[in-house]
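Student: Please take a close look at one helix in this structure. Then set that helix in the context of the charged contacts and the chains around it.

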Amino acid sequence: MVFLDFFFALREAGLKVTLQEWRMLLTCLEKGLHDSNIKGFYHVARACLVKSEADFDTFDLVFARYFEGIEGAIELPPELLEWLADPHPMEELSEELRRALEHLDIDELMRRFRETMAEQTERHDGGSRWVGTGGRSPFGHGGHHPTGIRVGGPGGGGMAMKVMEDRSFADYRTDVTLDVRNVKLALRRLRQLTRSDGPIELDIDETIDKTCREAGEIELVFRPKRKNDVRLLLLMDVGGTMDPYFEPVSRLLSALHEERGLRDFKAYYFHNCVYERVFETAQLMRKQSIATSDLMRTYGERWKLMIVGDAAMHPSELSSSRGNINPRLETETSGLVWLDRLEHHFDRSVWLNPDDVQQWAMSGTCRTISSLFPMYPLTVDGIEEGVKALVGARAETARPVLAPGSAGL
Amino acid sequence: MSTSANGSSTAASPAFKRFAGTTDYIASASLVDAVNCALALERPLLVKGEPGTGKTLLARHVAEGLGLPLDSWHIKSTSKAEDGLYVYDTVQRLNDARFGDGNVRDIRSYIRLGPLGRVFTAKSRQVLLIDEIDKADLEFPNDILREIDEMRFTVLETGDEVVAVQRPMVIITSNNEKELPDAFLRRCVFHFIDFPDVAQMREIVAVHHPNVEKTLLEQVLLKFYWLRDQKELRKRPSTSELIDWITALVRAGVDPARLEAEVPFMGALLKNEQDTRAIESFVARGGKTPKAFSELGGLRR
């Protein structure tokens, strides 16, 4: 079945399309719901296969790549599917298609179609079209193939392709966009429910049990309410290379401030790397700062640490003992040692990096830091992964431990 | 006409009545296609979208368009899956037993069917709206999975099995407050109502306010899309708020020229104190609002 390749292309692109959904699509096509045009096919396929607007953009990209140039040949895909599902219903085909079929048997047609398709993916950048107008293939119309099949004609199919090419759903991708609401959703998992202290509630099961044991003499049993026990400390890199990321970072911050479920939340700022002081405001004023060693005394190891920064700096800023970029705040201890201390002090910590994941490997300091902290991109998906790393089941990964005396690294 | 390779029968003509939108409801082509998919597959249609884009209205108009009766199940945070099937009114029965009222011996008279139970037992095909499914507990969608899939359930107290006479058309809306489980999503046809672009919005406004003055409407839409473009806003105004706003403007007889300079009746659009203050101070500072749609930069149209 030729479209099966489309199914695998979608799965390869990361969409969790299942066979059940694929069969839903086939049923719809059998019933002719796509009205034999590419726009209808696009709508039907999307409704059946994609279950989140966040995946629409990925779907559009795969669809556009797979059916590129089909605009002009709008009647092709549904009919092709029908031939492939069943070689008999020729009366369904247009006059032109039937004439073409007399010259080419179905196997031959199929083989060529597959070949052309494979070629198409390879030559994607070249822009030559495999089915459509002005192409060199036997499929489509207005092409240069002497014995080719003229398929379809003018039609209103352009809209769907335009939607795809415009990528109008790109804004809904969760691996790119970040709005306060999305972030709040991602942060929902930041929960560890405990019954340690706090207000009490009536324990009905236990009350019934006790009352029965007392032969009907009512005995009320109370217990502390379940409460979220997550305490989160956020350290944010500001200024310099972080300036372009002001918006996503501030959205994360406001989402965290609005997150009422947290037992405690505190945020501090730093520039480039954490040295001996962190700051209460983004202006990094010494008056409003706290010594990093005090920070670790104030916030015990039960706090969870989330650092936001691009981890990109001059190598000496990270490893030299006099690396602090601000000369007035010259330090005796290197930033890397401070980071290592933080990582060891807190039970769990993650690093969220707003840079593109591809860029991480290009920065040496980023590689060093990501070996110290589990690093995730500052996207909705990344935050969700990071939150899982903070509260989820512990994945045992060995991290390189710096020797305590390696200050001059 | 063909039969499919997997052997299932294919009707020569569509065996269902297609939905084509109604005069009062502007449905995009993709929405119509999604509704028809759900109808053909007899699977629930899951509709997501920003609040105020007409998700709930859709069910009413699908029912109207198909000429079928509509039943609704509005989900609350306390809703349980069983509530949709049936409720066994034990308290009533106990009460009746105490005072000797009613037919206490017949459990069946104390079983009250919920929305799902009602549409299953109805003689004709029904449209069922399950509104705001994401309001309920995380497990809720999984709990109704089997009932929606097989369209049958058993009343435990009596052992009676309720089987759908006619598979209802189920429309489920979600505001995206909670992720829905994959197993649930797999069984649904999905549609996301994208925010209408300016041209679509004109059509929608025309349905509700057919006689708005043209210059006023242009100003209104311009201001509205400009407001939606403002990143600082915590809650962006929606279609239904726009309709309300136009009602207010028309009733007060606001001059289009006044609209150019300020945003009257902002309370109809912005429901958040900080948002109102932000826009007010922006206007007070003499901030520029656009004069033409072309000035709206990153607007998705």
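Tutor: In helix α3 of chain A, the buried residues (under 20% relative accessible area, with over 50% called exposed and the range in between partly exposed; 1.4 Å probe, protein chains only) are A:Ile38, A:Gly40, A:Phe41, A:Tyr42, A:His43, A:Val44, A:Ala45, A:Arg46, A:Ala47, A:Cys48 and A:Leu49. This is a predicted model, in which local features need pLDDT of at least 70 and side-chain atom pairs count only at pLDDT 80 or more, while totals for chains, interfaces and linings use all residues. Residues are numbered from 1 along each chain as its sequence is written, chains are lettered from A and ligands numbered from 1 in the order in which they are written, and side-chain values use heavy atoms, with hydrogens and water left out.

Because 11 of the 12 residues of α3(A) are buried, the helix is largely enclosed by the rest of the structure. Helices (H or I, at least four residues) and strands (E, at least two) are DSSP runs, numbered from the N terminus.

A:Glu53 forms a salt bridge with B:Lys48, at 3.5 Å from N to O; the term requires a side-chain nitrogen of Lys or Arg within 4 Å of a carboxyl oxygen of Asp or Glu. Since A:Glu53 lies in the loop between α3 and α4 (56-66) of chain A and B:Lys48 in strand β1 (residues 45-49) of chain B, the pair joins two chains. Both partners, A:Glu53 and B:Lys48, are buried.

Over all chains, the structure holds 19 salt bridges. Among them is the pair B:Lys135 and B:Glu132, at 2.3 Å from N to O. B:Lys135 is partly exposed, with a relative accessible area of 29%, and B:Glu132 is also partly exposed, at 23%. Another pair, B:Arg146 and B:Glu150, meets at 3.5 Å from N to O. These two residues are four apart in helix α7 (residues 145-150) of chain B, so about one helical turn separates B:Arg146 from B:Glu150. B:Arg146 has a relative accessible area of 41% and is partly exposed, as is B:Glu150 at 40%. Salt bridges also link B:Arg43, B:Asp149 and B:Arg187 in a network.

A contrasting case in chain A is A:Asp310, in the loop between β12 (304-308) and α13 (315-319). A:Asp310 is buried but has no salt bridge, and the nearest side chain of opposite charge, A:Arg367, is 14 Å away; here Lys and Arg count as positive and Asp and Glu as negative, and His and the chain ends are not counted. Leaving aside residues up to four places away in sequence, A:Asp310 touches A:Asp237, A:Thr241, A:Met242, A:Asn353, A:Pro354, A:Asp355 and A:Cys366, where contact means heavy atoms within 4.5 Å.

For context, chain A has 17 helices and 14 strands, and 48% of its 409 residues count as buried. Among contacts in chain A with a separation of 6 or more, 69% join residues 24 or more positions apart.

As for confidence, the model scores ipTM 0.77 and pTM 0.59.
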